[in-house]
Amino acid sequence: MKRLLDHTLRGYGQMLVANSRITGACVLIGLFILSTETALMSLGGALCISLLAQWRAQNDSVLKTGLFSVNGALLGALWYLFPQVPLWAQALTTALGCAAMAFFFVPVAERMHENKSPYVLFSLPYVAAAWVALTALIFFGVHDAELTRGWRALLTNRFEKAEKHFLNTEVSTDMAEAYRCAGLGWSLYRRGDQTGAQTAFSRVLSLKIGVADAYDGLGWSRFRQGRYDDAELAFRRAVALDSFFADSWDGLGWCALQAGRPDEARHHFITAALCAPMFADAFTGFAATLSGGTAHDYAQAWSGFLSTHLSLTAQFTSSRVLLCWVWFFIGILWHSRTSALVALAAVGICVLGSAWKPVFGDPAFAMNVIVLALALGGHYLRLNARTFVWLLLLILALAFLWEPLSEALLRLALLPLCLPFNFALLGSISFFGWLHRRGLRDERIPIDWASSTPAEIRAFTAQKEVADVCWEKLRKADPEQPQPKTERSLQLPAKVDLKVNPE
C-alpha cells in the first residue's frame with residue numbers, strides 16, 4: 001500500500017516533471033480545487049494504472065519515478081474537457097485505458113531501461129489511450145465529434161461554423177443534448193438572434209439538467225431585449241448551480257443597476273471580480289456604481305487594460321483555475337527553486353507572446369510550453385544559454401504548428417493534448433545526441449537522474465568537472481598513473497551523496 005501511494009503521488013509530481021511526493025500532493029490539491037469530480041476520476045486512473053503496472057512489471061525500477069502513474073492520472077483528468085460524456089463511460093474508458101497502457105507500454109519501458117536508452121515515454125501512452133478512448137466513444141454513439149468541433153469554433157469566434165456543427169450533432173444522452181443546445185444558443189446569441197438563442201437555451205431547461213451556462217445565456221439574451229426582471233431570474237439560477245460563475249454575477253450587477261439598486265449592484269460586481277479577477281466588464285460595472293473618486297478611476301483604468309490586452313476567454317479565467325495554478329507552483333517550488341524560476345519564465349513567454357500570436361493565450365498550448373520548459377530546463381538538458389536558445393526555437397515552432405495540428409486532429413475528432421510536448425522532448429534528446437556523436441558538446445542529462453533536482457544535478461556536475469580536471473593533470477604529470485575505473489560520463493554512480501558543495 002505504501003509503495004502504491006508513493007508511485008501515485010510521484011505520478012502527479014511528474015505532471016510538472018518533478019519526481020516528488022510533496023509536489024504530487026500539491027498537484028492533487030490543485031485538481032480538487034479545480035473540480036472534485038475531475039480529481040476523483042484522475043485519482044482513480046492513477047491508482048488503477050499503478051496497481052496494474054506493479055503486477056505487469058518485472059522490475060520495480062521502471063515504476064518508482066511515477067512515469068506510469070502520470071499517464072493514468074492524465075487519462076482520468078481528460079474528461080474535464082468532455083463534461084457531456086456520461087460518468088459511467090468516463091469510468092469505463094479510464095479503467096480500460098489504464099489496463100491497455102499497463103499491458104502494452106510496461107514491457108516497452110522495461111526494454112528501454114535495460115538498454116539504457118536516453119529516451120523516455122513520458123505521457124505518450126496517455127495520448128494514445130485518450131485518442132483510442134475518444135474514437136471508441138464516437139464509434140459506440142456515446143460521444144459526437146461535432147459537439148467538440150462546435151465548441152472549438154465558438155471559442156475562436158467562428159459563430160456560423162459553430163452553429164452548423166451544433167445543428168449536425170447527433171446526441172444520445174440528455175447531458176449531451178444540454179451542451180449542444182447551450183452551444184447553439186451562444187452561437188445564435190453572438191450573431192444577434194436573441195429569439196433563437198432563447199429557444200435553444202429554453203430547450204436545456206426542459207431537460208431538467210443543471211447547466212449553468214445555459215441559464216447564463218438565457219439571462220443575457222433577455223437582458224439585451226430589456227427584460228431585466230426575467231434576466232435576473234435566469235442569472236440567479238445560474239449562480240445557484242455554480243457559485244463561481246462570474247458572468248452571471250456580472251449580469252446580476254447590471255440588472256440591479258438598471259433597477260436603481262447601486263449598492264446591490266456593487267456587491268454583485270465585486271463577487272464577479274472575485275470569481276474571475278481578470279474580468280474587465282465586472283470592473284466596468286463596479287466603476288458605474290461609483291459617482292467618482294480614486295476607486296472609480298482605478299477601476300476604469302484596470303478594466304481598460306484587461307479589455308485591451310486579454311481575450312474574452314482569458315478574462316473568464318476562474319479564481320478556481322488560478323488557485324489550482326498556485327498550488328501547482330507551490331509544488332514546483334518545493335521540488336526546486338530553479339524549476340520554479342523556469343516555470344515563471346515560461347509563463348512570461350506565453351503572456352508576452354499572446355500580444356504577438358493569439359495561440360500563446362490558449363491554455364492547452366501554454367501548458368505544453370510550461371511543461372516543456374520544466375523538462376528541458378535542468379531535468380533532461382543542462383540549464384545554460386544553449387538550452388535556452390533551443391527552447392525558444394522549439395516554442396516558436398510549436399506556435400506556428402499548433403493551429404494546423406489542432407485543425408487536422410479536430411477533423412478526426414481528436415485533440416493535440418500533450419503530443420507537442422512529447423515530440424519536442426524526444427526531438428531535443430535526439431538532436432543533442434546527434435551533436436554528441438559528431439564530437440560536439442552534449443547537453444543531455446541521463447534519465448538515471450530523474451529523481452534529482454536541477455540544483456543537485458548542477459552540484460554533482462560541478463564536482464565531477466573538477467575531478468576530471470584533476471585526473472587530467474595527474475595523467476599529464478605521470479602517464480603511468482592508473483586511470484579511474486569509473487566511466488568518464490555523466491552517469492550517476494551507484495552510491496553518491498548529491499548534497500555536496502559545488503565549490
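Colleague: Does F140 count as buried or exposed?
Modeller: This is a predicted model: local features need pLDDT of at least 70, side-chain atom pairs count only at pLDDT 80 or more, and totals for chains, interfaces and linings use all residues. Residues are numbered from 1 along each chain as its sequence is written, and side-chain values use heavy atoms, without hydrogens and water. Buried means under 20% relative accessible area, exposed over 50%, partly exposed in between (1.4 Å probe, protein chains only). F140 has 64% relative accessibility, so F140 is exposed.

Colleague: What kind of aromatic pair do F139 and F140 make?
Modeller: Rings of Phe, Tyr and Trp (its six-membered ring) pair if their centres lie within 6.5 Å; planes under 30 degrees apart are stacked, over 60 edge-to-face, the rest tilted. The count comes to 22 aromatic pairs. For F139 and F140, the centres are 5.1 Å apart and the planes stand at 85 degrees, so the pair is edge-to-face.

Colleague: How many residues apart in sequence are the parts tied together by W356 and F400?
Modeller: W356 and F400 also form an edge-to-face pair, with 5.7 Å between centres and 75 degrees between planes. Helices (H or I, at least four residues) and strands (E, at least two) are DSSP runs, numbered from the N terminus. W356 sits in the loop between α19 (337–354) and α20 (363–376), and F400 in helix α21, so the sequence separation is 44 residues.

Colleague: Which helix holds L396, a member of a nonpolar surface patch?
Modeller: Patch residues have over 30% relative accessible area and no salt bridge; like charges are joined within 9 Å, nonpolar side chains (Val, Leu, Ile, Met, Phe, Trp, Tyr) within 5 Å. The patch has about 690 Å² of accessible area together (Shrake-Rupley, 1.4 Å probe; for residues, only the protein chains shown count as cover). L396 is partly exposed at 38%. Its helix, spanning residues 385–411, is α21.

Colleague: Which residue forms a salt bridge with D362?
Modeller: A salt bridge is a side-chain nitrogen of Lys or Arg within 4 Å of a carboxyl oxygen of Asp or Glu. The closest N and O atoms here are 3.8 Å apart. D362 lies in the loop between α19 and α20 and its partner in helix α7 (residues 145–155), so the bridge ties parts 210 residues apart in sequence.

Colleague: In which helix do D6 and R10 both lie?
Modeller: Their side chains meet in a salt bridge of 3.0 Å, N to O. Both residues are buried. They are four residues apart, about one turn of the helix, and that helix is α1.

Colleague: What is the relative accessible area of Q14?
Modeller: Q14 also belongs to helix α1 (residues 2–14). Its contacts (heavy atoms within 4.5 Å), leaving out residues up to four places away in sequence, are N19, T65, G66, L67, V70 and F122. Q14 is buried, with a value of 3%.

Colleague: What radius of gyration does the chain have?
Modeller: The chain has 23 helices and zero strands. The globule rule is 2.2 Å times the number of residues to the power 0.38, and the radius is taken over C-alpha atoms. With 503 residues, a compact globule would come near 23 Å; the chain agrees with that, at 26 Å.
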